[in-house]
Amino acid sequence: MGVFTSFNGLLLLGIAVTTAMFVYKYQEISSSAPIPDLKHDQYWGPGKAAEYKENAAIKKFDISAKPELIEALTKKLSEPLVLPEPLEGVGFQYGFNSKYLSEVIKYWRDSYLPKWNERETFLKQFPHYETQIQGLRIHYIHVKPKATEGKKVVPLLLIHGWPGSVREFYRIIPLLTNPNPKSDYVFEVIAPSLPGYGWSQAASKVNFGPAQMSIVLRNLMLRVGHEKFLIQGGDWGSILGSSISALTPQNVLGYHSNLCNTNHVVALVLKFARSWFPSFFITEENRAFFKTLGKDLLFIMEESGYMHIQATKPDTIGTALQQNPVGLAAYILEKFSTWTNVEYRQLADGGLTKRFTMDELLDNIMIYYTTNSITTSQRLYSEGFNKAQLSLKMDYVHVKPPTGCARFYHDLLHATDTELGTRFKNIIHSTYHSNGGHFAAMELPQILYDDFIQFVDKVFAKSATHNT
């Protein structure tokens with residue numbers, strides 16, 4: 001009996017110790033990691049920082065491409081196109097369909113480039129500027145609303161991703177900067193080309209990852225005169241926006257994303273549990289947004305090859321695409337097919353013009369081509385997943401500003417509010433849209449705009465309540 005009692009005592013002690021360790025560990029991982037101590041004036045340009053003196057001037061920027069570059073591109077696109085025949089009955093399942101690629105190249109050469117002056121004028125419709133920040137020449141679009149009577153003007157940082165550019169925002173900028181009778185707010189839009197993308201200079205130093213890039217973007221907002229501002233972004237814009245919100249919450253009025261996600265370990269556990277017991281975590285209404293674990297893994301295996309090579313050897317794939325317009329078009333446009341709707345893989349034309357015009361797709365390609373920026377854009381993947389960046393534990397630094405998450409059905413991934421709550425501590429807006437994919441601002445600008453102003457109304461309503 002004494003042995004049995006002792007055994008029970010030891011068992012209870014073991015359970016108590018295990019429970020205490022679990023509670024302690026949970027509290028440890030559920031608490032916010034410290035905000036990384038990053039230099040807000042770190043030099044990322046070429047050469048020695050000691051020889052650098054920042055020029056804080058803001059200048060108008062001319063995005064014109066040199067005529068000889070357009071002439072050379074026309075010649076390249078006129079070269080014989082020798083492509084293998086696609087497999088019988090195959091659309092985009094193996095990548096870009098070669099028959100349709102021939103049609104795209106023909107349109108690019110014979111229809112798009114002859115009207116390049118018109119397309120360039122279109123791209124110039126918004127004011128373009130440049131300024132120097134931390135050794136880098138940063139390009140940005142800056143649009144101020146003209147009619148503001150009876151409206152509150154709020155600064156908004158719009159952040160694009162890969163393989164997009166500021167071209168993604170040309171449909172939504174007019175909605176944001178023109179008064180809407182249904183909203184009390186109108187927005188002053190600042191939309192930068194990410195460093196290394198398009199017209200913005202790339203970093204010359206290693207370890208320029210998302211955390212460091214987010215500081216550059218925050219410093220841009222300070223440069224144009226805004227201490228506090230809203231943020232909207234998807235893809236890398238989502239990661240950069242959440243990083244700004246985590247690193248400098250004092251500057252962020254609210255953060256809205258059409259690709260909310262976190263890799264917090266508790267969120268990953270919840271995702272695993274959600275896959276097995278969906279009814280405990282997802283309403284029946286929204287269940288279709290979330291794949292089972294097996295389908296998630298299959299989708300990742302099928303669609304993340306680009307990420308692996310860009311995260312490990314960005315300069316190798318970049319060299320294959322640099323000054324190679326046919327390869328560049330196939331590589332980028334394939335993402336605008338699959339990431340808009342994975343079912344478009346079944347179509348011979350990838351469904352590319354179901355949601356976009358060929359002109360706007362080629363506008364985006366031209367930004368990469370004329371600026372020679374495909375390699376430098378892809379380096380963000382390598383810098384974003386290296387040991388130096390992961391050691392910052394940004395997924396464990398809590399995001400405290402008001403957060404809004406808009407989910408578009410066909411986007412690459414989705415997370416529940418419970419999963420997101422492991423990092424985002426102030427989710428005030430959460431929506432599900434039965435249509436749309438990864439490039440929401442370009443595909444469904446009105447729906448994204450409506451979602452965004454609903455979020456903004458909640459941000460300022462909460463702020464007013466807090467101040468009373």
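**Entry 1: a surface patch**

I began with the surface and found a nonpolar patch made of F272, W276, F277 and F280. Together these residues have about 550 Å² of accessible area. I note here that the model is predicted.

I then took F280 by itself. F280 sits in helix α9, which covers residues 278–281.

**Entry 2: salt bridges, whole structure**

How many salt bridges does a search of the whole structure find? I got 19. Side chains of opposite charge can pair when their charged atoms come close. I followed up some of the pairs below.

**Entry 3: R167 and D363**

I looked up R167 and D363, whose side chains form a salt bridge with an N to O distance of 2.9 Å. R167 is in the loop between β4 (152–159) and α5 (173–177), while D363 is in helix α15 (residues 358–371), so this pair ties together parts that are 196 residues apart in sequence.

Are the two partners buried or exposed? R167 has 4% relative accessibility and therefore counts as buried. D363 has 0% and also counts as buried. The cut-off I applied for buried is under 20% relative accessible area.

I also checked which network this pair belongs to. R167 and D363 are linked with R119, R171 and E360 in a network of salt bridges.

**Entry 4: R345 and its two partners**

Next I went to R345. The side chain of R345 meets that of E302 in a salt bridge, 3.1 Å from N to O. E302 lies in helix α10 (residues 293–303) and R345 in the loop between α13 (325–338) and α14 (352–355), so the pair ties together parts that are 43 residues apart in sequence.

R345 also forms a salt bridge with E303, where the closest N and O atoms are 2.6 Å apart. This pair, too, links distant parts of the chain, with E303 in helix α10 and R345 in the loop between α13 and α14, 42 residues apart.

R345 has a relative accessible area of 15%, so I listed R345 as buried. E303 is at 10% relative accessibility and therefore counts as buried. E302 is at 43%, so E302 goes down as partly exposed.

**Entry 5: recap**

I have R167 and D363 as buried partners in a salt bridge. R345 is paired with E302 and with E303.

Key:
Residues are numbered from 1 along each chain as its sequence is written. This is a predicted model: local features need pLDDT of at least 70, side-chain atom pairs count only at pLDDT 80 or more; totals for chains, interfaces and linings use all residues. Side-chain values use heavy atoms; hydrogens and water are left out. Patches are made of residues with over 30% relative accessible area and no salt bridge: like charges are joined within 9 Å, nonpolar side chains (Val, Leu, Ile, Met, Phe, Trp, Tyr) within 5 Å. Accessible areas come from the Shrake-Rupley method with a 1.4 Å probe; for residues, only the protein chains shown count as cover. A salt bridge is a side-chain nitrogen of Lys or Arg within 4 Å of a carboxyl oxygen of Asp or Glu. Helices (H or I, at least four residues) and strands (E, at least two) are DSSP runs, numbered from the N terminus. Buried means under 20% relative accessible area, exposed over 50%, partly exposed in between (1.4 Å probe, protein chains only).
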